[in-house]
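Please look through the sequence and the model shown here before reading on. The paragraphs that follow go from the whole chain to its cores, its helix pairs and a few loop residues.

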Amino acid sequence: MSKTTTDTELPPQAVEDAAERLTSAPVESDGPGGIGAFGWLRWMWRQLTSMRVALILLFLLSLAAIPGSLIPQSGQNEFKVETWKARHTTVAPIYQKLQLFDVYSSVWFSAIYILLFVSLAGCIVPRTWQFVGVLRAQPPAAPRNLTRMPVYAAWRTEADAWEVNAAAHRLLRRRRFRANLAGGAVAAEKGYLREVGNLVFHLSLFALLGGFAWASLASGTGGKLMVAGEGYSNTITQLDDFTGSRFYGSQDLDPFYLKLNDFTSRFQTKGDQIGAAREFTANVEYYSGSDASKLKQGSIEVNHPLEIGGSKVYLIGHGYAPVVTVRNAAGTVVYTGATPFLPQDPNLTSTGVIKVSDYGEKDGKRTQMGFSGFFLPTAPVAFDANTGPRSLFPGDADPALVLNAFAGDLGTDSGLPQNVYQLNTKNLTQLQQDGKIAKVRLKPGQAWDLPDGYGSVTFEGYKQWASFNVSHRPGNAIALTGGVLAILGLIGSLFVQRRRIWVRAVALPGGGTLVELAGLGRSESAKTAEELAELAVDLQDDAPAADEPDSGATGPHRPDQPAEAAEAAEAAEPDQPAEPDGAAAPPGPSAPADPAVPADQNSKE
């Protein structure tokens with residue numbers, strides 16, 4: 001008849017090692033576990049799915065993201081990328097080959113990202129199943145030699161051994177331990193939330209990476225600049241710029257209408273932080289879809305976006321738009337409107353251009369005009385000769401418009417794209433006045449008669465503009481949830497201690513019962529000793545300590561008994577525990593008989 005080996009027939013040392021293992025993490029191997037190519041592949045898979053490699057990949061991913069925050073990215077601002085390349089002509093080709101202008105879609109960043117996904121999945125799945133098996137199993141049986149445990153206590157009582165074990169089982173269950181009474185001993189375990197915290201942390205990291213991946217594959221952003229009083233429909237033709245992704249294109253834009261009613265800006269007017277921004281608020285009206293009857297009022301502030309449908313509208317900038325009217329030589333109005341000027345410094349010194357494509361004819365020739373200059377919210381009395389026009393304060397305390405004029409061909413009819421904030425002077429001639437460059441400084445309401453009979457320019461006033469970022473990122477909620485759960489799981493894995501307690505009551509040959517208590521914690525902590533002491537005190541009601549005979553007998557050593565004496569006593573009577581000598585040993589930690597026994601000697605986590 002064949003013999004089947006069960007867990008109870010394992011060698012005693014193997015049983016004790018299993019009892020002292022306080023983690024469900026797989027044991028890592030030190031080298032290939034097979035022969036040939038298959039063995040190497042299996043070993044590499046185990047290394048890839050180990051927690052050590054996962055942490056290394058996570059660190060590499062954080063390092064790989066650094067260039068994306070330092071170098072302009074094509075998907076975010078193509079104009080800024082081209083400007084950077086023009087300034088750094090030597091390294092730009094190298095950066096281009098290394099995909100540093102497209103970091104988050106580069107081959108090397110994607111490789112790290114995918115490897116981290118695989119590593120986390122390969123680590124989480126087997127660990128989860130192993131932990132489920134631990135939860136379904138009973139706590140490990142008590143080791144043969146409880147004195148090896150870091151925390152140990154024993155005393156003699158006249159109570160029946162079975163009743164003592166039953167009382168200990170009842171007390172441990174009352175303390176929310178998973179307890180099992182079998183084989184004349186009680187095995188109890190507590191602190192499973194530690195492993196739950198570990199699994200939640202790893203699953204949350206997986207969800208966090210998945211959320212970022214989904215956001216990069218199914219997200220899109222658009223930009224729109226609006227002067228107060230203007231509105232737009234969220235379509236590709238009315239956006240200033242748009243960046244889509246693999247699963248989100250211009251046809252997927254959320255349909256809505258948005259109008260900027262007015263913009264409120266407020267700055268500190270005195271103190272050490274004079275000029276510091278105190279309020280930026282865009283008051284808007286909007287409706288989702290195509291039903292204008294559902295018009296709503298709202299406001300958008302910095303870091304407080306407006307959510308419309310599946311998109312969020314962020315306020316990312318603001319400035320001033322001078323309102324200018326241009327008349328030609330015949331006195332006909334050929335241009336009027338607000339033109340946004342772009343801020344150049346904290347005091348909102350703004351530069352811009354005004355292009356008049358429909359000026360008409362001058363001296364029998366078709367002519368176009370352009371104006372470039374500065375808008376100063378708070379203009380000084382006189383300009384510094386070295387710095388030129390500069391605003392003194394970002395608020396509109398004393399606004400002024402500084403312009404110079406050009407005439408000729410703007411190049412707008414060539415069909416080539418142009419920057420609306422720059423003036424191409426290649427085919428333009430700058431107007432002269434009294435032998436000098438024609439320029440003027442205007443207050444609101446003032447006009448400038450252009451030289452050579454080109455007409456006039458009137459500074460009517462100014463409005464404020466605001467720029468918005470329309471973002472559609474479906475994975476943000478998943479990433480946020482994963483981040484919060486990762487923190488909670490990390491807290492649980494750090495502060496919850498998994499621990500085991502064993503109670504064994506054995507009838508003595510000469511009468512009475514020997515009660516042994518032992519505890520094992522995952523790390524050095526006084527909590528295990530305190531719980532064992534409290535259990536020993538509560539157990540005194542059912543198993544009060546009895547007075548010891550004067551002669552004494554050998555048995556499990558007390559904290560003050562040398563380890564050599566205890567080993568000798570066990571060698572003399574290995575199968576029959578003797579009555580302890582002297583008074584009952586107080587519950588608490590004692591020196592183990594087997595020196596240098598760690599709390600978790602098999603865990604490599």
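**From the whole chain to single residues**

Of the chain's 605 residues, 42% count as buried; buried means under 20% relative accessible area, exposed means over 50%, and partly exposed lies in between, with a 1.4 Å probe and protein chains only. This is a predicted model, in which local features need pLDDT of at least 70 and side-chain atom pairs count only at pLDDT 80 or more, while totals for chains, interfaces and linings use all residues. Residues are numbered from 1 along each chain as its sequence is written, and side-chain values use heavy atoms, with hydrogens and water left out.

The secondary structure comes to twelve helices and 24 strands. Both are DSSP runs numbered from the N terminus, helices being H or I with at least four residues and strands being E with at least two. A contact means heavy atoms within 4.5 Å. Among the contacts in the chain with a separation of 6 or more, 67% are between residues 24 or more positions apart.

The largest nonpolar core has 27 residues, and those with the most contacts inside it are Val356, Met369, Phe371, Trp448 and Leu450. Such a core is a set of buried Ala, Val, Leu, Ile, Met, Phe, Trp, Tyr and Cys residues joined through side-chain atoms within 4.5 Å. At least two residues of this core come from each of strand 11 (311-327), strand 14 (350-362), strand 15 (365-376), strand 16 (400-408), strand 20 (439-442) and strand 22 (456-472). Strand 16 gives the most, with four residues. What does Phe371 touch? Leaving out residues up to four places away in sequence, its partners include Val326, Val356, Leu403, Leu423, Leu450 and Val457. A second, separate core has 24 residues, including Ala167, Leu171, Ala179 and Ala536.

Two packed helices are described by the angle between their axes and the distance between the axes. Axes are lines fitted to C-alpha atoms, for helices over the stretch in contact, and angles run from 0 to 180 degrees between N-to-C directions. Helix 8 (residues 161-174) and helix 11 (residues 526-539) pack at about 130°, with axes 10 Å apart. They are therefore oblique to each other; angles under 35 degrees count as roughly parallel, over 145 as roughly antiparallel, 65 to 115 as roughly perpendicular, and the rest as oblique. Val164, Ala167, Ala168, Leu171 and Leu172 of helix 8 make the contact with Leu535, Asp538 and Leu539 of helix 11.

Helix 3 (residues 51-64) and helix 7 (residues 107-136) pack at about 155°, with axes 9 Å apart, and are therefore roughly antiparallel to each other. Among the residues that meet are Leu57 and Leu61 in helix 3 and Phe109 and Leu116 in helix 7.

Some loop residues complete the picture. Gly331 lies in the loop between strand 11 and strand 12 (333-338) and, at 45% relative accessibility, counts as partly exposed. Its C-alpha atom is separated by 8.0 Å from that of Ser456, 125 residues apart along the chain.

Most residues other than glycine have a negative phi. Leu348 has a positive phi, near 60°. Leu348 is found in the loop between strand 13 (342-343) and strand 14 and is buried, with a relative accessible area of 8%. Phi of Asp434 is also positive, near 55°. Asp434 lies in the loop between strand 18 (432-433) and strand 19 (436-437), and at 77% relative accessibility it counts as exposed.
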